[in-house]
Amino acid sequence: SADRARFTKSVSAAMATLARANAVPSRAPSARASLRSRESPRWITRPKRWSRATTNAASPSEYDDALLAAELESLVEDTRAAGGDAHTHVVAFSGGVDSSLCAYLVHAAFGGVGGSDEEKGIGAGAKKNAYAAVGVSPSLPSSQLEMARNIAQSIGIPLREVHTNEGLVPAYVANEGESCLHCKNELYATLNALALDAESGFSATSKDPVLVLMYNGTNLDDRADPTRLGLMSAAAHGVYSPLQNTPKERVRQLARVAGLPNWNLAAAPCLRSRLAFGVPALESTLKDVEAAEEAVREILRVRPEENMRVRVLSDETGGGETEETAMTVSFGEEKNSVFSKRAALELDPHHLRAVELDASLREALREALARCGFEVAETRAFASGSV
């Protein structure tokens, strides 16, 4: 089967890599070493210095990386096969590790990384056009846009910044469970339309119609999440997901081997995901969330690989403690009618403990979030998708 053939190819490539890594030429002992050996009393046992040279074996990490490198090359070949008929290849890009690895694969397959056009199956006069595109809207933090620019530059893939208008879709703004679906519909429709428009000149001089293929970073874990309605939109728009059978943790390790600088950074979903069900996804609210998270990040010195969220609670969402939020930190009972929005601050355990033990930190956070229009209802342990 195709899967067995791909597996066999991956193992063969890994074994070849290991063979090259382990090929250490043997050396005859030097005269000085022989003299030391003869002079040493028999009852003195010299400690053995185990190294790759003496054991002639790869370390577990080298073995794992060889397998990952082979798997990475197999994914590039699969991507090339899937998009072979398309002229334009567009990666829906965010700067996160999933879409970054996807962009790496597409760029390696069609954008000029490794090998000639002939080796990639690109014939004369059929040069492929591959680029990443990031949707720019109030739901994208400015820091994430900057990250996307840096990662695209690191990969070497061209980046296009495309403004999207999901905020004009009433069902998106209502935020009643289908916002992700409407957001992705807007994104994919916009990317496809712009790609077709940009290639209109090519189609005028070619007998064959221009085919545009879009890609995203959906992984195996994403497919198991029933809340990801954006997957329905991707299917409707014919988006290809090179990582659809790859678990999230495997994606990170593949990204590390590929040399992507964001391989271990915390997930950074859109700002709309911070809003509880029914909280309108207004531009002003999204900007307030962005400002609040930047303030928290600065006060607590949250590193890029650490998790932190400012989640906007609905009127019905209580701030009380439950079994799941046993480490909740109270910011006091006093309520101030000046605040327009109630928020929950989510942190990784060590930051949560620091806030719990330091009253001055709690006050600094309270004041910072108040300036952004939020009353801190509670501080709790980070949980992905908790709203």
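To how many aromatic pairs does the count come by the ring-pairing rule? The count comes to one aromatic pair, where rings of Phe, Tyr and Trp (its six-membered ring) pair if their centres lie within 6.5 Å, with planes under 30 degrees apart counted as stacked, over 60 as edge-to-face and the rest as tilted. The pair consists of tyrosine 215 and tyrosine 240 and is edge-to-face, at 6.0 Å centre to centre and 80 degrees between the planes. Tyrosine 215 belongs to strand S4 (residues 212-215) and tyrosine 240 to the loop between helix H11 (230-236) and helix H12 (248-257), so the pair ties together parts 25 residues apart in sequence. Helices (H or I, at least four residues) and strands (E, at least two) are DSSP runs, numbered from the N terminus. Tyrosine 215 is buried at 0% relative accessibility, whereas tyrosine 240, at 22%, is partly exposed; buried means under 20% relative accessible area, exposed over 50%, and partly exposed in between (1.4 Å probe, protein chains only).

The model is predicted, with local features requiring pLDDT of at least 70 and side-chain atom pairs counting only at pLDDT 80 or more, while totals for chains, interfaces and linings use all residues. Residues are numbered from 1 along each chain as its sequence is written, and side-chain values use heavy atoms, with hydrogens and water left out. The average pLDDT (the predictor's confidence in each residue, from 0 to 100) is 81, and 71% of the residues score at least 70.

The charged end of arginine 160 sits over the ring of tyrosine 131, 3.7 Å from its centre; this requires NZ of Lys or CZ of Arg within 6 Å of the ring centre and within 35 degrees of the ring normal.
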